[in-house]
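This briefing sets out the fold and selected local features of one protein chain. The sequence and structure are shown first, and the notes that follow are grouped by topic.

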Amino acid sequence: MSTSRRSAEEPLVLRGSLIVLRRRCGKPGCHCATGDPHETPALSYSVEGRTRMLTLGGVELSEVQAAIARYEAARGELERQARASIEALRARRAETKAGRRR
Ligand SMILES: [Zn+2]
């Protein structure tokens, strides 16, 4: 059993965006020489400010989309908590100041 495989109870969480890479392979006889280029789905993400790409051949794209949405939702919730915490801290500070004045 592979340990790198995530269990079904632990869903994927992905930061990045789903894109489609289009390229011509260069083979003269290929349909892409005159017609549509080859399309490969990929996950575009950044690591330490650099954009990286992971091609997703054979990967369930709906699962990747759900994983991206999961990350965005979690990030949104974290952002909401952070803003609420700033307000709570601000309120506490204002209270302390008011108390000191008396
Ligand atoms: Zn081709």
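Of the 102 residues in the protein chain, buried residues make up 3%. The model is a predicted one. The chain contains 1 helix and 3 strands, and from the N terminus on these elements follow the order β-β-β-α. Among contacts with a separation of 6 or more, 45% are accounted for by residues 24 or more positions apart.

**Sheet architecture**

- The 3 strands form an open sheet in the order E1-E2-E3, with antiparallel pairing.
- Strand E1 (17-23) and E3 are the edge strands, each of which pairs on one side only.
- From one strand to the next, the twist averages 40 degrees.
- As background, the strands of a sheet pair through backbone hydrogen bonds, in either a parallel or an antiparallel arrangement.

**Pairing of E1 with E2**

- E1 and E2 run antiparallel and are joined by 7 bridges.
- Within this pairing, Val-20 stands opposite Pro-41 in E2.
- Leu-21 has Thr-40 of E2 as its bridge partner.

**Arg-23 in strand E1**

- Arg-23 has its place in strand E1.
- Is Arg-23 buried or exposed? Arg-23 has 10 other C-beta atoms within 10 Å, and a residue counts as exposed if that number is 12 or fewer; Arg-23 is therefore exposed.
- Leaving aside neighbours within four places in sequence, Arg-23 is in contact with Pro-37 and His-38.
- Asp-36 is 13 residues from Arg-23 along the chain, and the C-alpha atoms of these two residues are separated by 8.9 Å.

**Pairing of E2 with E3**

- Strand E2 (residues 38-47) pairs with E3 in the antiparallel sense over 6 bridges.
- Leu-43 has Leu-54 in E3 as its bridge partner.
- Ser-46 stands opposite Thr-51 in E3.
- How many of the 6 residues of strand E3 (residues 50-55) are buried? The number is 0, so the strand lies largely in the open.
- In general terms, the side chains of a regular strand alternate between the two faces of the sheet.

**The hairpin and Glu-48**

- The hairpin of E2 and E3 has 2 residues between the strands.
- Glu-48 lies in the loop between E2 and E3.

**Helix H1 and Gln-65**

- Gln-65 is found in helix H1 (residues 61-101).
- Why is Gln-65 classed as partly exposed? Gln-65 has 13 other C-beta atoms within 10 Å; the partly exposed class lies between the limit of 12 or fewer for exposed residues and that of 20 or more for buried residues, so this number places Gln-65 in it.
- The C-alpha atoms of Gln-65 and Leu-43 are separated by 9.7 Å, and these residues are 22 residues apart along the chain.

Technical notes:
Residues are numbered from 1 along each chain as its sequence is written. This is a predicted model: local features need pLDDT of at least 70, side-chain atom pairs count only at pLDDT 80 or more; totals for chains, interfaces and linings use all residues. Helices (H or I, at least four residues) and strands (E, at least two) are DSSP runs, numbered from the N terminus. Two strands pair if DSSP finds at least two bridges between them. Two residues are in contact if their C-beta atoms, placed from the backbone, lie within 7 Å. Axes are lines fitted to C-alpha atoms, for helices over the stretch in contact, and angles run from 0 to 180 degrees between N-to-C directions.
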